[in-house]
Amino acid sequence: MTGAMSENPYQSLDALAVMPLWRHHGDLFTPEPQASAVPYLWRYAALRPYMLHFTNRLSLEEAARRVLMLVNPGLSDPPATVNSLFAGIQVIMPGEAARAHRHAANAFRFIIEGESAYTTVNGERIHMRPGDLLLTPGWHWHDHFHEGNGPVMWLDGLDYPLTNALEAGFFELFGDRVQKPYVADDLSSRKFIHGRLNPAWENADSRFSPVGNYPWRETERAFVAMGDDVEGSDSEGIVLEYTNPWNGGPVLPTTDCKITRLRPGFRGRLRRTTASTIMHVVRGEGHVEFDDRRLEFGPHDVIAVPGWRAHRLANTSTDSDAILFSYSNAPALRALGLLRVDHPESANDPPG
Ligand SMILES: [Fe+2]
């Protein structure tokens with residue numbers, strides 16, 4: 001026999017960079033997913049004063065992006081909101097420019113408050129209004145500018161935790177502080193907004209949606225047009241997905257974006273999915289119920305719903321809708337054959 005085996009063979013294995021599988025089997029193949037993230041709610045009313053405080057103390061030259069990261073208590077290193085997705089609240093003040101850069105991570109913003117700011121994405125100025133969804137797919141140049149009055153705040157969504165976990169992150173600063181527009185303002189939204197009429201002279205690239213902005217007025221029009229003639233989902237309410245007009249799929253390769261209307265008094269059926277989700281309350285009040293906690297939400301709050309945590313949505317108002325914007329990593333899981341959804345039985349559900 002060659003090689004010296006110490007008195008403790010496990011120690012010698014360590015030096016050989018191997019591990020006995022029989023000591024790890026349990027944690028590597030869990031019966032069910034074990035989320036490190038916890039269900040959590042960030043209250044917008046609590047964050048907003050801090051956002052405004054830093055507008056006076058911190059310039060965009062210093063900060064690059066003035067963002068409060070919403071860090072899940074279970075995911076501080078590296079910081080993330082749920083396992084593969086990030087949420088942050090960003091503020092920009094009149095006359096400020098957030099410097100142009102690009103990154104491999106996909107990003108989007110959902111506008112919370114304020115008018116007259118725009119983002120320039122690959123040379124196209126895209127104007128933002130509350131409720132608009134603006135996309136910045138991976139490796140697209142983007143900078144932000146505010147030419148109006150008062151603060152403009154939005155929810156930033158990114159998939160950098162996934163990009164970094166896959167060790168595929170790139171980042172680059174643009175040569176100038178901001179891009180010079182070379183495409184007509186808001187052109188991508190004007191070309192594609194009808195959804196069922198696409199520009200036939202362009203080559204379909206289905207990796208991500210070519211639409212720069214899904215404006216709130218179109219989203220609201222969809223809910224109004226459907227009215228109460230649609231049934232909706234018994235667990236998710238009247239949920240609509242923002243789609244890539246080239247293929248009807250998710251707007252970003254790793255991330256889907258949805259908007260949900262919960263009718264007054266809606267109380268959903270218990271649901272769980274391997275996808276991790278972040279919700280943002282556009283308006284209304286209600287709660288998300290888990291087995292060990294109930295997160296009561298109000299306007300503009302942000303909620304982390306980790307994967308495989310059974311939860312129930314409810315609108316607690318009897319006369320107003322609750323509208324929720326949400327995004328999840330379902331497209332990444334679907335591409336890998338890992339997406340599962342089910343509806344656990346609950347004693348509180350009506351029979352059926
Ligand atoms: Fe960025």
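Predicted model: local features only at pLDDT ≥ 70, side-chain atom pairs only at ≥ 80, totals over all residues.
## About the model

Local features are given where pLDDT is at least 70, side-chain atom pairs count only at pLDDT 80 or more, and totals for chains, interfaces and linings use all residues. Residues are numbered from 1 along each chain as its sequence is written, and side-chain values use heavy atoms, with hydrogens and water left out.

## The iron site

Let's start with the metal. Three histidines supply the protein donors of the iron ion: His-101, His-103 and His-142, each through NE2, at 2.1 to 2.2 Å. Donors here are N, O and S atoms within 2.8 Å of the metal (3.2 Å for Na, K and Ca); water is not among the atoms, so sites may look incomplete.

Along the sequence, the donor residues follow the spacing H-x1-H-x38-H. Both His-101 and His-103 are buried (under 20% relative accessible area, 1.4 Å probe, protein chains only).

## A six-stranded sheet

Next comes an open antiparallel sheet with strand order β1-β19-β16-β21-β14-β13. Strands are DSSP runs of E, at least two residues long, numbered from the N terminus, and two of them pair if DSSP finds at least two bridges between them. β1 and β13 (238–241) are the edge strands, each with a single partner, so one side of each has no neighbour in the sheet.

Within the sheet, β14 (residues 256–262) and β21 (residues 322–328) pair over seven bridges.

## An exposed phenylalanine

Finally, Phe-29 sits in the loop between α2 (25–28) and β1 (40–42). Phe-29 is exposed, at 57% relative accessible area (exposed means over 50%).

Definitions and conventions
Helix = DSSP H or I, 4+ residues; strand = E, 2+ residues; numbered from the N terminus.
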